[in-house]
Amino acid sequence: MKDARVLADKRRFLAAVYIAGYAVELALKYRICLHLQFEYGFPETKAELVSELTNVNRSAEIRFSVTLPELKSHNFEGLSEISMVNIILENTVPKEWKLVNTWVPAIRYQKKRFTEKQAAIFLKAAERIIQLMQ
């Protein structure tokens with residue numbers, strides 16, 4: 001989020017929102033690692049995922065319900081469900097979560113420009129969500 005703030009300070013509002021979205025995504029994926037008790041970090045391959053999920057401490061429900069494409073997605077709603085923070089976010093910061101949930105990586109290609117106020121609102125929402133996940 002520090003980089004997003006620097007970009008906003010330099011009036012690069014679209015870039016600031018873009019980076020803030022990735023900060024939220026990384027926080028969600030970190031929570032997934034904690035929730036699923038990954039020992040070696042975020043899996044990059046199907047073999048790594050299978051290895052992590054076959055640990056004897058995993059429940060059968062978790063073991064068979066998470067796929068690598070789901071984990072590697074940029075879908076905040078899906079990532080929040082896997083990490084089990086969706087209920088917390090929906091109940092604690094519903095407006096912020098709804099706003100941040102509109103983010104997609106392709107935002108960098110859109111012609112839409114963010115005003116200073118819009119970027120500030122998005123960054124504040126992203127920061128609040130990340131704080132809740134720590």
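In the predicted model described here, helices α2 and α6 pack at an angle of about 25°, with their axes 8 Å apart, where axes are lines fitted to C-alpha atoms, for helices over the stretch in contact, and angles run from 0 to 180 degrees between N-to-C directions. That angle makes α2 roughly parallel to α6, on a scale in which angles under 35 degrees count as roughly parallel, over 145 as roughly antiparallel, 65 to 115 as roughly perpendicular and the rest as oblique. The crossing of α2 and α6 is left-handed, a term used if the near helix is turned anticlockwise from the far one by less than a right angle, with right-handed used if clockwise. On the side of α2, the residues that make the contact are G21, V24, E25, L28, K29, R31, I32 and H35, and they face F76, L79, S80, I82 and S83 of α6; contact here means heavy atoms within 4.5 Å. By class, the contact of α2 with α6 has six nonpolar, four polar and three charged residues, where Ala, Val, Leu, Ile, Met, Phe, Trp, Tyr, Cys and Pro count as nonpolar, Asp, Glu, Lys and Arg as charged, and the others, Gly among them, as polar.

Residues are numbered from 1 along each chain as its sequence is written. Because the model is predicted, local features need pLDDT of at least 70 and side-chain atom pairs count only at pLDDT 80 or more, while totals for chains, interfaces and linings use all residues, and side-chain values use heavy atoms, with hydrogens and water left out.

The secondary structure of the chain comes to nine helices and zero strands, helices (H or I, at least four residues) and strands (E, at least two) being DSSP runs numbered from the N terminus. The C-alpha trace spans about 50 × 30 × 20 Å along its principal axes. Of the 134 residues in the chain, 40% are buried, where buried means under 20% relative accessible area, exposed over 50%, and partly exposed in between (1.4 Å probe, protein chains only). Among the contacts in the chain with a separation of 6 or more, 64% are accounted for by residues 24 or more positions apart.

The largest nonpolar core holds 42 residues, of which V17, V24, L28, F38, V100, L123 and I129 touch the most other members; such a core is a set of buried Ala, Val, Leu, Ile, Met, Phe, Trp, Tyr and Cys residues joined through side-chain atoms within 4.5 Å. Two or more residues are given to this core by each of α1 (2–9), α2 (13–35), α3 (46–53), α5 (68–72), α6 (76–83), α8 (94–100) and α9 (116–133). The largest share, 13 residues, comes from α2.

Helix α2 also packs with α9, at an angle of about 10° and with the axes 9 Å apart, and the two helices are therefore roughly parallel to each other. The crossing of α2 and α9 is left-handed. In this pairing, F13, A16, V17, A20, G21, A23, V24, A27, L28 and R31 in α2 meet E116, A119, F122, L123, A126, I129, I130 and M133 in α9, and the residues of the contact divide into 15 nonpolar, one polar and two charged.

A further partner of α9 is α1, and the axes of these two helices come within 11 Å and cross at roughly 170°, which makes α1 roughly antiparallel to α9. The residues A4, R5 and A8 in α1 meet L123, K124 and E127 in α9, and the contact of α1 with α9 comprises three nonpolar, no polar and three charged residues.

K72, found in helix α5, is partly exposed, with a relative accessible area of 37%. Not counting residues up to four places away in sequence, K72 touches K29, F42, P43 and E44, and the C-alpha atoms of K72 and P43, which are 29 residues apart along the chain, are separated by 8.9 Å. Most residues other than glycine have a negative phi. R11, in the loop between α1 and α2, has a positive phi of about 65° although it is not a glycine, and R11 counts as exposed at 53% relative accessibility. Q37, in the loop between α2 and α3, likewise has a positive phi, near 55°, and is partly exposed, with a relative accessible area of 45%.
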